[in-house]
Amino acid sequence: MSETARNSTNQNVFKSMKDIKFDQTISHQCGVTMNDSVEARAIAEFMDEDPNVTITHNPATIRVDGEGKLVFKMDEISEFLGREMTAETFEVNTSTHYGRMVRVDENTIILYGNMEDMFEYIE
């Protein structure tokens, strides 16, 4: 094996703590991570139609990331998927999320990157 090949295979992709810079900024991003499945692929493909959404396919998961807020409409996802998608099924498919999740009704789940934007749903 050449020296170049040996060096590239031995490189660690993770940064050392001394090389990580922490700042106190707020990103205003939000998103979900889903286990790769038929439903997750349909959700990701549907959400990818929004230019403000970033889809990342990993070996076993799919990430859907957005800036400000993400709106998941179950009826629209159902139509795209070709079968019913309920809010419960959506939540089962999302293994984790970041941002503030609000289930508005049986059809709509919104993720907010800005906490102030979701205050209207607090009683």
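User: What does "partly exposed" mean here, and how does the term apply to Glu88?
Analyst: Buried means under 20% relative accessible area, exposed means over 50%, and partly exposed is what lies in between. This is a predicted model. Glu88 has a relative accessible area of 39%, so Glu88 is partly exposed.

User: Which residue forms a salt bridge with Glu88?
Analyst: The test is a side-chain nitrogen of Lys or Arg within 4 Å of a carboxyl oxygen of Asp or Glu. Glu88 meets Arg103 in this way, with the closest N and O atoms 2.7 Å apart. The pair links distant parts of the chain, since Glu88 sits in helix 4 (residues 87-93) and Arg103 in strand 6, 15 residues apart. Arg103 has a relative accessible area of 32% and is therefore partly exposed.

User: Which residues are linked with Arg103 in a network of salt bridges?
Analyst: The network joins Glu88, Glu91, Arg103 and Glu106. Within it, Arg103 and Glu106 have their closest N and O atoms 2.9 Å apart. Glu106 is exposed because its relative accessibility is 56%.

User: How many salt bridges does a search of the whole structure find?
Analyst: The search finds seven. One of them joins the side chains of Asp36 and Arg41 at 2.7 Å, N to O. With 30% relative accessibility, Asp36 counts as partly exposed.

User: Which strands pair with strand 7, and in what sense?
Analyst: Pairing is read from the bridges between two strands. Strand 4 (residues 69-73) pairs with strand 7 in the antiparallel sense over five bridges, and strand 6 (residues 100-103) pairs with strand 7, also antiparallel, over four bridges. Ile110 of strand 7 is the bridge partner of Val71 and also of Val102. Strands 6 and 7 form a hairpin, with four residues between them.

User: Are the faces of strand 7 covered or open?
Analyst: Both faces are covered. Thr108, Ile110 and Tyr112 are buried on one side, and Ile109 and Leu111 are buried on the other. The count for strand 7 (residues 108-112) is five buried residues of five.

User: What patches are there on the surface?
Analyst: Met17, Ile20 and Phe22 make a nonpolar surface patch of about 350 Å². Phe22 lies in the loop between helix 1 (3-10) and strand 1 (29-35), and counts as exposed because its relative accessibility is 62%. A patch of negative charge gathers Glu45, Asp48, Glu49 and Asp50 on the surface. Glu49 is in the loop between helix 2 (38-47) and strand 2 (53-57). At 56% relative accessibility, Glu49 counts as exposed.

Terms used: Residues numbered from 1 in each chain as written. Predicted model: local features only at pLDDT ≥ 70, side-chain atom pairs only at ≥ 80, totals over all residues. Heavy atoms only, no water. Patch = residues over 30% accessible without salt bridge, like charges linked within 9 Å, V, L, I, M, F, W, Y side chains within 5 Å. Areas by Shrake-Rupley, 256 points an atom, 1.4 Å probe, with all protein chains shown as cover. Lys, Arg positive; Asp, Glu negative; His and termini not counted. Charge placed at Lys NZ, Arg CZ, Asp CG, Glu CD. Buried < 20%, exposed > 50% of the residue type's maximum accessible area, 1.4 Å probe, protein only. Pairing = 2+ DSSP bridges.
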